[in-house]
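Colleague: I'd like to go through the labels on this one and hear what backs each of them up. Can you show me what we're talking about?

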Amino acid sequence: MKRRSLFAATGAGLVLAAPRLQAQGTWPSRQIRLVVPFSPGGSVDAMARVTAQKLQERLGQPVIVENRTGGNGAIGGIAVAQSPPDGYTFCFSASIQILARLVMRSPGYDPMVDLQPVARVGQGPLLLIMNLQRPQTTLQEVAAAVRANPRDWSFGVSSLGSAGHLATVEFIRQVGVDVTAASYRGTSPALADMMGGSIALIFDPMLATLPPVRAGRVKGVAITSAQRSAAAPNIPTTAEGGMPSIDLESWWALWGPRGLPAEITARINAELATAMFEADVRERVGSLGIEPMFQAGAELAQFMERDFARSQELLRIANFQPQ
């Protein structure tokens, strides 16, 4: 963990261009890897395991999740970008994955160029959670306390470029004071530090943050959506708390190495287009405020371009500089 007044980042190595390979024989004929660039226990890991299970059921081959942390998602992303585009190695990550060059000076690769989008499979709002020892209960009370004594407050960020990072940057901009933050290698270690009292606040997807709220281990303060979530109807929105511009969602997607054969992409998309709407998926993630979905092709490419532009503008307004 690294502490700065904003956030610290780790660079990564140079991407090597992989040759285009054609799918050989019957695909798949062996185990498939989903590389998750963050630690187990967070929302990316949880959604990856749901997706891996559905692909395994439908493809008839083992689909394993491999956590490769570091570099704000760049370590895992580079590993996939350097892999042969043969359909046996994929990256499963969140919205953070496309923002590497916005938040790091030397990420070592450009995921918008070096990775090939396959499908977006879920989306959902963030939940601001707080250490139980803090007496505040509302977003207005938290903002007032931060303004009055910023040195007494700190944020945890699962990784630079995450939706939680963007929400944190916007919160700090709105309160108008410098707040210490800690950048982690995923949500799980940040949650552990929050429950231990090292940090006070975290914005992160409900998939990871709502269970500890329900268990009474942290406080739920506000949800970053225009309307309250059916999964947590008693928690107000950031708009209700006077910060409507913190209206952000995280999303989760599957990428392959650039040059992935079209027939492999088509097969995966055909399976995910129905698998992500099955009852067990809706039950597993829907109760945590996540909306299973399917988006691919040109529509997905256009969505990513818009999301990248919006994130870039949020960081520009906040005068955030790549670390």
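Modeller: Let's start at N72, in the loop between β3 (63-67) and α2 (74-81). Helices (H or I, at least four residues) and strands (E, at least two) are DSSP runs, numbered from the N terminus. This is a predicted model, where local features need pLDDT of at least 70 and side-chain atom pairs 80 or more, while totals for chains, interfaces and linings use all residues. Residues are numbered from 1 along each chain as its sequence is written, and side-chain values use heavy atoms, leaving out hydrogens and water.

Colleague: Why does N72 count as buried?

Modeller: Buried means under 20% relative accessible area, exposed over 50%, and partly exposed in between (1.4 Å probe, protein chains only). N72 has 11% relative accessibility, so it counts as buried.

Colleague: And what makes its phi worth a look?

Modeller: Most residues other than glycine have a negative phi. N72 isn't a glycine, yet its phi is positive, about 55°. N319 has a positive phi too, about 60°, and isn't a glycine either.

Colleague: Where is N319, and is it buried or exposed?

Modeller: N319 is in the segment after α11 (297-317). Its relative accessible area is 54%, so N319 is exposed.

Colleague: What about E283: why is that one called exposed?

Modeller: E283 is in helix α10 (residues 279-286). Its relative accessibility is 62%, so E283 counts as exposed.

Colleague: How do you know what to call the angle between α5 and α6?

Modeller: The axes of α5 (residues 139-148) and α6 (residues 163-175) come within 10 Å and cross at roughly 65°. That makes α5 roughly perpendicular to α6, since angles of 65 to 115 degrees count as roughly perpendicular, under 35 as roughly parallel, over 145 as roughly antiparallel and the rest as oblique. Axes are lines fitted to C-alpha atoms, for helices over the stretch in contact, with angles from 0 to 180 degrees between N-to-C directions.

Colleague: Which residues make the contact?

Modeller: L139, V142, A143, V146 and R147 of α5 meet F171, Q174 and V175 of α6; contact means heavy atoms within 4.5 Å.

Colleague: Last one: where is the cis peptide bond, and what makes it cis?

Modeller: The cis bond joins W27 and P28, with omega about 0°. P28 is in the loop between β1 (2-4) and β2 (32-36). Most peptide bonds are trans.
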